[in-house]
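Please give a guided tour of the structure I have open in the viewer. Tell me what to select at each stop and what is found there.

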Amino acid sequence: MQIGIMPPLFSPIATPDYLMAVGAAADRLGFSSIWAPEHVVLFDEYDSKYPYTDDGKLAVGRDAGILDPFNVLAFLAAATKNVRLGTGIALVPQRNPVYTAKQVTTVDRLSNGRVDFGVGIGWLREEFDALGVPWPRRGPRTEEYLEVMRRLWLDDVSSFEGEFYSLPSCRQSPKPIQTPYPPIIFGGESDAALGRVARKGDGWYGFNLTPETAFERIGTLEKLLDAEGRKLSDVSISVRPAPGFFTPAHAEEFRRMGVDQLILVIGGRSTESVIGRMEAIAAELISPVAAG
């Protein structure tokens with residue numbers, strides 16, 4: 001069982017000194033990964049429902065802006081040596097796939113092959129509207145954009161023709177360090193999201209789950225993988241536990257349910273408080289889990 005973190009990566013806390021300190025602490029304390037979220041714009045009022053809170057609202061203050069995940073991870077690549085760096089999650093259908101492929105490759109190379117490409121289809125329709133991107137069929141758009149990226153990562157001369165994107169013959173260099181390309185980790189808990197994992201994913205990132213709900217979702221994923229001629233061992237399983245399920249006993253339950261990595265959301269309003277929380281988690285979970 002590995003333990004990753006999603007620390008605060010938004011203003012005003014996320015200064016250069018803060019990022020350097022958090023990256024160094026993650027390496028020193030033995031965390032497996034750091035994950036950076038994505039929202040390019042947020043709204044004071046919106047009708048979309050955030051799926052992980054009772055009131056359907058994302059708990060980010062009006063003056064708190066989320067930093068771009070790829071720029072943050074590139075910065076953290078220089079501040080770390082061992083910890084993996086993940087997008088948690090990149091909103092693929094609202095991004096240009098050619099630029100996104102280049103950003104993933106850039107961070108992969110700057111980190112010496114430590115990138116996990118966490119992807120999802122998005123939940124905030126108003127953000128799509130602000131970007132001029134259609135909201136319907138964003139699931140198929142995501143899968144097609146990822147195929148464009150695979151062609152750019154794998155082929156000397158890349159091209160693609162699809163419903164949502166046409167890529168003329170072109171070259172994108174350099175290629176990623178990781179082969180065949182950085183792991184693609186799908187977020188989302190629905191059957192549709194698990195189906196994307198089964199068809200095209202290298203891993204699954206489940207959010208806000210108890211051991212019991214994780215077990216049920218992993219069971220569904222196993223059946224979907226089997227239908228695709230794949231096995232559960234072909235993918236990595238990461239879970240952000242639901243509030244209250246962060247103890248060593250819960251970590252052991254998640255491990256028994258088939259979870260490979262827990263990703264913990266870290267709170268704090270200062271560098272000292274965030275690193276203090278990281279040290280407490282490391283003392284409680286990393287050594288006991290490693291020993292187990």
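Start with the largest pocket: select Met 6, Pro 37, Tyr 50, Leu 58 and Phe 207, which lie nearest its centre among the 46 residues that line it. The model is a predicted one. The volume of this pocket is about 1300 Å³. Next, colour helix 6 (191-200) and strand 9 (203-209), the elements that give two or more residues to the lining. Strand 9 provides the largest share, three residues. Colouring the lining by class gives 26 nonpolar, 13 polar and seven charged residues.

Val 40 sits in the loop between strand 2 (33-36) and helix 2 (69-79). Val 40 has a relative accessible area of 53%, so it counts as exposed.

The next stops are salt bridges, of which the whole structure has 13. Select Arg 95 and Asp 68, whose closest N and O atoms are 3.8 Å apart. Arg 95 is buried at 13% relative accessible area, whereas Asp 68 is partly exposed at 27%.

Now select Glu 216 and Arg 217. Their side chains form a salt bridge with an N to O distance of 2.8 Å.

Go on to helix 8 (residues 248-256) and pick Arg 255 and Glu 252. They are three residues apart in this helix, which means a separation of about one helical turn. Their side chains meet in a salt bridge at 2.5 Å, N to O. Arg 255, at 39% relative accessibility, is partly exposed, and Glu 252 is partly exposed too, at 29%. To see salt bridges that share partners, select Glu 147, Arg 150, Arg 151, Asp 155 and Lys 200, which are joined into one network.

The last stops concern the backbone. Most residues other than glycine have a negative phi, and most peptide bonds are trans. Ile 89 is in the loop between strand 3 (84-87) and strand 4. Another cis peptide bond joins Thr 179 and Pro 180, with omega about 0°. Pro 180 belongs to the loop between strand 7 (166-170) and strand 8 (184-187).

For positive phi, select Asn 112, a residue other than glycine with phi near 60°. Asn 112 is in the loop between helix 3 and strand 5 (115-120), and it is exposed at 64% relative accessibility. Then select Arg 137, where phi is also positive, near 60°. Arg 137 lies in the loop between helix 4 (125-131) and helix 5 (138-154). With 44% relative accessibility, Arg 137 counts as partly exposed.

Methods:
Residues are numbered from 1 along each chain as its sequence is written. This is a predicted model: local features need pLDDT of at least 70, side-chain atom pairs count only at pLDDT 80 or more; totals for chains, interfaces and linings use all residues. Side-chain values use heavy atoms; hydrogens and water are left out. On a 1 Å grid over the protein atoms alone, a cavity is a set of points where a 1.4 Å probe fits but cannot get out, and a pocket is an open set with protein on both sides within 12 Å along at least five of seven lines; lining residues have an atom within 4 Å of a point. Grid points are joined across faces, edges and corners, and a volume is the space filled by probe spheres set on the points. Helices (H or I, at least four residues) and strands (E, at least two) are DSSP runs, numbered from the N terminus. Ala, Val, Leu, Ile, Met, Phe, Trp, Tyr, Cys and Pro count as nonpolar, Asp, Glu, Lys and Arg as charged, and the others, Gly among them, as polar. Buried means under 20% relative accessible area, exposed over 50%, partly exposed in between (1.4 Å probe, protein chains only). A salt bridge is a side-chain nitrogen of Lys or Arg within 4 Å of a carboxyl oxygen of Asp or Glu.
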